[in-house]
Amino acid sequence: MNKISYSQISMYNDCPLKWKLNYIDKLSIFESNIHLIFGTAMHEVLQKYLEIMYYDSVKNANLLNLEEMLRDKLIEQFRIAEQNDGKAPCTKEDLNEFFQDGCDIIDFFKKRRGEYFSKRGYKLIGCEVPIEVDLKKNIRMVGYLDVVILDEFTNTLKIYDIKTSTQGWNKWMKKDENKTQQLLLYKQFYSKQYNHPIDKIEVEYFIV
C-alpha cells in the first residue's frame, strides 16, 4: 500500500516534475530551518496545554511552564536537525529570537485562550488525530489533524490546523487554494473515516 500526504499532493499540483524528483527519483535534498523547528515546537507546546486543559483542568493547564517547555522543544528540534543535516539549521541568535517571539505568543494565548477554546460544552477529541483513507487501489492518503474539538450541544466538530507565521496571513495567503483545500480534504476524510456527518464538521486555521 503506497501512502501519500497532502504535502505530496500540493507539490504535485504546483510542479509534477518537482514531485517526481522528490518522491520517485529520490533526488531531493531537504534541510531543516528555524521556521520548521519553531513550528514543530510551538505545535507541541500548545497541544500539551489543550490536552491538560480539556482532560484535566484549566487551572492545571495554566500551571504548566510553557516557556520552559518551548525552550526545551526548540533545543530538541535544533539538535535533531543538526544531526540529520550535519550542520546547524540556524544561528543561536535566531533560535533565541524565535524563543522570545514564542514566549510572547504563549503570553497572548493564555490571556485570550477563552476567546478560542472553552471547556463549557466542549470536548477534546484529540491532538494529532490520524487520518487514513484509501483513495484508489494501493494508494492511501495519510495525515494528522492538529486539534479536533466536539461541541457537545450541537454535535459539531471543529478541526483546527495550527500555523505559525512571522507576519500573519495576508489576503493572498488566505485565498491560496493549496492551504484552503487541505482542511476541506481533511473534513471529507474525517467524515468518511470516523462516520461523522460532514455538515457537522467545521475547519479553521489557528494562526499564531
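Predicted model: local features only at pLDDT ≥ 70, side-chain atom pairs only at ≥ 80, totals over all residues.
**Exercise 1.** Work out how helix 3 and helix 5 cross, and which residues make the contact.

*Solution.* Start with the general idea: two packed helices are described by the angle between their axes and the distance between the axes. Now find helix 3 at residues 34-55 and helix 5 at residues 66-85; their axes come within 9 Å and cross at roughly 145°. The crossing of helix 3 and helix 5 is right-handed. Next, look at who's touching: helix 3 brings residues including Ile-37, Phe-38, Ala-41 and Val-45, while helix 5 brings residues including Leu-66, Leu-70, Leu-74 and Phe-78. Sort the contact residues by class and you get 12 nonpolar, 2 polar and 3 charged.

**Exercise 2.** Describe how strand 2 and strand 3 pair up.

*Solution.* Pick out strand 2 (residues 122-136) and strand 3 (residues 139-151), then check their directions: they run antiparallel, joined by 12 bridges. For one of these pairings, go to Gly-126, whose bridge partner in strand 3 is Val-148. Finally, look at the hairpin turn: there are 2 residues between the strands, and Asn-138 takes a positive phi near 65°.

**Exercise 3.** Decide whether Gln-47 is buried or exposed, and find what surrounds it.

*Solution.* First, locate Gln-47 in helix 3. Its relative accessible area is 6%, and buried means under 20%, so Gln-47 counts as buried. Then list the neighbours: leaving out residues up to four places away in sequence, Gln-47 touches Cys-127, Glu-128, Asp-146, Val-147 and Ile-162. Zoom in on Asp-146: its backbone oxygen lies 3.1 Å from a polar atom of the Gln-47 side chain.

Notes
Residues numbered from 1 in each chain as written. Heavy atoms only, no water. Axes fitted to C-alpha atoms, helices over the stretch in contact; angles between N-to-C directions. Helix = DSSP H or I, 4+ residues; strand = E, 2+ residues; numbered from the N terminus. Left-handed = near helix turned anticlockwise from the far one by under 90°. Contact = heavy atoms within 4.5 Å. Nonpolar A, V, L, I, M, F, W, Y, C, P; charged D, E, K, R; others polar. Pairing = 2+ DSSP bridges. Buried < 20%, exposed > 50% of the residue type's maximum accessible area, 1.4 Å probe, protein only. Polar contact = N/O pair within 3.5 Å; in protein donor to acceptor, adjacent residues only side chain to side chain.
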